[in-house]
Amino acid sequence: MNHRSLKGELHDDDRRPRAAPPSHPLPPRRPRWPRLSGLLAAAALAALGCAGAAGHPASSAPPPAAMTPAQIAARATPAVVTIRGDGSLGAGFLVREDGWIATNFHVIAGIPDLKVVLWDQSEHPVLEVLAFDEDRDLAIVRIHAPRKLPLLPLGDSRAVRPGDPVVAIGHPLGLADTVSNGLVSAVRVVDPALTLLQISAPIAPGSSGGPLFNERGEVIGVAAAVATQGQNLNFGVPADYLKRLLVRPDPVPLSTFAAETADEEQALPAVKRSVPHHALAILRGCTEGDLLVLARTMDGAIQVGSPLYNQGDFASCYHIYEGASLDMERRLGPSCRGPRQALAEGRRKAAGLDDNAAQAWAMRDAFDGLLDVILRKVHGDTQ
């Protein structure tokens, strides 16, 4: 487990000196989990072997009353955050009222400038990484808390059983605070050091780092991975691994952490852009709500798809853009015909290409053309 012990106590930023770089380097980099192919393969093998974990007996204290997904969301959403970086989008949640936030390792690795967006839309820079566990894709970061912040209680993930209800809150494709529910499909023992929760609650890119709740509103896991080869094959990291990080923090400045966890850059295919230039008339018949759907959905898809493309996962980037395009067409009003036709033309062009990188750029060109004309309209241009 990649964390170190801390001597003394943590204090707020304005009452202690800036943290010095660690006296010993961080561990050598290993492949991290943005695509999680190795993890999902291991989970699949565990499923074939019918691996599982025995539940633990409940406490003698009476359990809290069960809550509906709506009740869980109402209570928990103020403690769920968005984590944004250069080409990165993920979720996290507060585990201490003084600004400690749990998320996935892959959400923050290699990014020197991270911002946390709280429920009130205020933005706060990540100051340091308090602890991390790369093997289990977990991390705890800290922001300067402007006040006492709401936090989420951690439950006993060892007591989770297949068939238990589960609720997820995250930001799939940038759609903030999306609530979904389902069941714990299985408890998968991948190897002696790693157990995963397989869940049917839908999650997607952008959900990474978000909390998974039991029916009592306690966090039992952290959303981490989606298997694209099947439906509702999603995975979370049990909360008990997170508890171990919380008791032994050792702050590392974000800049140091980012430098040590950055992936080596790889050569990407040459790009020939073909962004359409639309007249403002293309937006005729579109309401302000339609334009908001377009701008937010395209921006969210780019936030999620762009880092996947830069990691060489061209197929996932393309499918995210394609899925966002279909979702926008479904949600646009019947009179908003121009953007619907532009999106359909982008998909038609992409479908005629023979490699995923070119397909991703065909969809990105369609998005950028629509974003440009929306911005021109907002800025009062007349042509």
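## A glycine in a loop

Gly 87 touches Gln 303 and Pro 307, where a touch means heavy atoms within 4.5 Å and residues up to four places away in sequence are not counted. Gly 87 lies in the loop between strand S1 (80-85) and strand S2 (88-96), and its C-alpha atom is separated by 8.9 Å from that of Asn 310, 223 residues apart along the chain. With a relative accessible area of 23%, Gly 87 is partly exposed, a class between buried, under 20%, and exposed, over 50% (1.4 Å probe, protein chains only).

## Basis of the values

This is a predicted model, in which local features need pLDDT of at least 70 and side-chain atom pairs count only at pLDDT 80 or more, while totals for chains, interfaces and linings use all residues. Residues are numbered from 1 along each chain as its sequence is written, and side-chain values use heavy atoms, with hydrogens and water left out.

## Packing of H8 and H9

Helix H8 (residues 337-351) packs against helix H9 (residues 356-378) at an angle of about 165 degrees, with the axes 8 Å apart. H8 is therefore roughly antiparallel to H9, a term for angles over 145 degrees.

## Burial of H8

The buried residues of H8 are Gly 338, Pro 339, Ala 342, Leu 343, Gly 346, Arg 347 and Ala 350. What covers these buried residues includes helix H6 (288-310), helix H7 (314-331) and H9.

Note on methods:
Axes are lines fitted to C-alpha atoms, for helices over the stretch in contact, and angles run from 0 to 180 degrees between N-to-C directions. Helices (H or I, at least four residues) and strands (E, at least two) are DSSP runs, numbered from the N terminus. Angles under 35 degrees count as roughly parallel, over 145 as roughly antiparallel, 65 to 115 as roughly perpendicular and the rest as oblique.
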